[in-house]
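Q: Before any detail is discussed, could the sequence and the model be displayed, so that the reading of each feature may be followed on them?

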Amino acid sequence: MSEPRHAMIYRDAMYQWAWGVIQRGEIKPEKFSREALAELLQWNDRNGCYLDDLTKADGMPPTTKQEAIDCVKRHTEEA
């Protein structure tokens, strides 16, 4: 069963907020957990492979926290 629409809207708003505060430099990505950064990266880059289940399915190791931090920094600098 798919996620209820109101939950999807709420989750998307939270990701937009988190991306914005990182982009504006209000919160450093280091403050987020590895899992939260992976979810945020997946939201920002739907063609990417950041979540544990996706990397595992592709035969890759999980994204480390440092890899996620570096990727978030690259993505926010490009924007």
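## Reading the helices, the core and the salt bridges

A: Setting aside neighbours up to four places away in sequence, Gln 42 is in contact with Gly 48, Cys 49, Tyr 50, Leu 51 and Leu 54. The model is a predicted one, and Gln 42 lies in its helix H2.

Q: Why does Gln 42 count as buried?

A: The general idea is a threshold on relative accessible area: buried means under 20%. Gln 42 has a relative accessibility of 12% and therefore counts as buried.

Q: Which other residues of helix H2 are buried, and against which helices do the buried residues pack?

A: A general point on helix geometry comes before the case. An α-helix has 3.6 residues a turn, so residues three or four places apart point the same way. In H2, which spans residues 34-44, the buried residues are Leu 37, Ala 38, Leu 40, Leu 41, Gln 42 and Trp 43. The buried residues of H2 pack against helix H1 (5-23), helix H3 (52-57) and helix H4 (65-78).

Q: How many residues has the largest nonpolar core, and which have the most contacts inside it?

A: A nonpolar core is a set of buried nonpolar residues joined through side-chain atoms within 4.5 Å. The largest one here has 15 residues, and those with the most contacts inside it are Leu 37, Leu 40, Leu 41 and Val 72. At least two residues of this core come from each of H1, H2 and H4. H2 supplies the largest share, five residues.

Q: What is Leu 37 in contact with, leaving aside its neighbours within four places in sequence?

A: Contact is read from heavy atoms within 4.5 Å. On that reading, Leu 37 is in contact with Pro 29, Phe 32, Lys 65, Ala 68, Ile 69 and Val 72.

Q: How is the length of H1 to be read, and which of its residues are buried?

A: The span of a helix may be set against the value expected at 1.5 Å a residue. H1 has 19 residues and reaches 27 Å from its first C-alpha to its last, close to the expected 27 Å. Its buried residues are Tyr 15, Ala 18, Trp 19, Gly 20, Val 21 and Ile 22, and the buried residues of H1 pack against H2 and H4. Just after H1, Gly 25 takes a positive phi of about 80°.

Q: Which residues make the nonpolar surface patch of about 360 Å²?

A: The patch is made by Tyr 10, Met 14 and Trp 17. Tyr 10 is exposed because its relative accessible area is 56%, whereas Trp 17, at 45%, is partly exposed. A distance gives a further reading: the C-alpha atoms of Tyr 10 and Ala 57, 47 residues apart along the chain, are separated by 28 Å.

Q: What does Asp 12 touch, not counting residues up to four places away in sequence?

A: Asp 12, which lies in helix H1, touches Trp 43 and Arg 46. Asp 12 is partly exposed, with a relative accessible area of 24%. Sequence separation and spatial separation should be read together: Asp 12 and Leu 40 are 28 residues apart in sequence and 9.7 Å apart in space, C-alpha to C-alpha.

Q: Which residues are linked in a network of salt bridges?

A: The network links Arg 34, Glu 35 and Asp 52.

Notes
Residues numbered from 1 in each chain as written. Predicted model: local features only at pLDDT ≥ 70, side-chain atom pairs only at ≥ 80, totals over all residues. Heavy atoms only, no water. Buried < 20%, exposed > 50% of the residue type's maximum accessible area, 1.4 Å probe, protein only. Helix = DSSP H or I, 4+ residues; strand = E, 2+ residues; numbered from the N terminus. Expected span 1.5 Å × (residues − 1). Patch = residues over 30% accessible without salt bridge, like charges linked within 9 Å, V, L, I, M, F, W, Y side chains within 5 Å. Areas by Shrake-Rupley, 256 points an atom, 1.4 Å probe, with all protein chains shown as cover. Salt bridge = Lys/Arg side-chain N within 4 Å of Asp/Glu carboxyl O.
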